[in-house]
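Dear colleague,

I am passing on a structure for you to look through, and below it you will find notes on what came out of the analysis. Please read them with the model open beside you.

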Amino acid sequence: MTGIWHTSDLHLRHRKVAELRGFQSVDEHDALLAERWDRMVRPQDEVWVHGDVTGRRGDETYALAWIAARPGIKHLIAGNHDPCHGMHLGAHKVLPVYLEVFASVQQTAVRKIAGQRVLLSHFPYADEHGDHTETLRYPEYRLPDTGRWLLHGHTHSSVARRGRQLHVGVDAHDMRPVPLKWIEEQIRTEVAV
């Protein structure tokens with residue numbers, strides 16, 4: 001049986017993020033992410049990466065090689081730090097390079113999980129918890145809150161759930177990909193209430 005995983009905000013080679021997460025170096029940070037991914041994900045599994053593979057321009061070659069070396073069939077929901085996101089000039093020029101590593105690259109997606117149509121985005125809905133800065137950034141790229149479940153990253157919060165928003169970023173899940181089972185449990189718990 002194929003496993004399905006979600007993750008976000010890897011920020012490979014990003015010194016500041018590695019330091020904020022308590023690492024002495026980006027090598028230590030990236031190695032732990034690799035070890036935890038490799039221990040959980042099998043080659044036939046699907047992994048949905050909800051954006052921010054890197055943190056800075058110029059690190060894409062390293063990050064794409066890192067992703068290619070991980071097991072699983074990978075899909076990217078591009079984030080604000082991914083140069084293939086439509087918010088960036090020239091996104092169409094780098095997209096072919098990303099499609100060499102990812103089976104698909106999208107700005108948003110919809111998946112059926114636990115009988116629900118679930119939205120996938122890098123960004124949470126626009127609310128008071130929607131960013132890790134004082135100002136809510138990128139409102140034009142956020143999906144409207146229509147009451148649907150949303151899987152997202154971006155916030156760097158340790159809080160994994162706010163209402164129908166499930167944060168799948170590594171900051172909320174001990175630097176690990178999130179198994180589909182956890183997402184299904186969250187949805188079923190709310191639906192049963």
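A residue is called buried when its relative accessible area is under 20%, exposed when that area is over 50%, and partly exposed in between, with a 1.4 Å probe and protein chains only. What you have is a predicted model, in which local features need pLDDT of at least 70 and side-chain atom pairs count only at pLDDT 80 or more, while totals for chains, interfaces and linings use all residues. Residues are numbered from 1 along each chain as its sequence is written, and side-chain values use heavy atoms, with hydrogens and water left out.

The C-alpha trace spans about 45 × 40 × 35 Å along its principal axes, and buried residues make up 50% of the 193 residues. Of the contacts (heavy atoms within 4.5 Å) with a separation of 6 or more, 67% are between residues 24 or more positions apart.

His-75, in strand 3 (residues 73-77), counts as buried because its relative accessibility is 11%. Its side chain makes a polar contact with the side chain of Ser-104 at 2.7 Å; such a contact is a pair of N or O atoms within 3.5 Å, of which, within protein, one must be able to donate a hydrogen and the other to accept it, and residues adjacent in sequence count only if both atoms are side-chain atoms. Leaving aside neighbours within four places in sequence, His-75 is in contact with Glu-46, Val-47, Trp-48, Val-49, Phe-102, Ala-103 and Ser-104.

Turning to the strands, an open sheet of 5 strands has the order 5-6-7-9-8 with mixed pairing, two strands being paired if DSSP finds at least two bridges between them. Strand 5 and strand 8 (161-162) stand at the edges with a single partner strand each, so one side of each is left without a neighbour in the sheet. Strand 5 runs antiparallel to strand 6 and is joined to it by 6 bridges, and Arg-111 stands opposite Val-118 in strand 6.

Two backbone positions deserve a look. Asp-9, in the loop between strand 1 (4-7) and helix 1 (15-20), has a positive phi near 60° without being a glycine, and at 0% relative accessibility Asp-9 counts as buried. Ala-114, in the loop between strand 5 (108-113) and strand 6 (116-121), also has a positive phi, of about 50°, but Ala-114 is partly exposed, with a relative accessible area of 22%.

Key
Helices (H or I, at least four residues) and strands (E, at least two) are DSSP runs, numbered from the N terminus.
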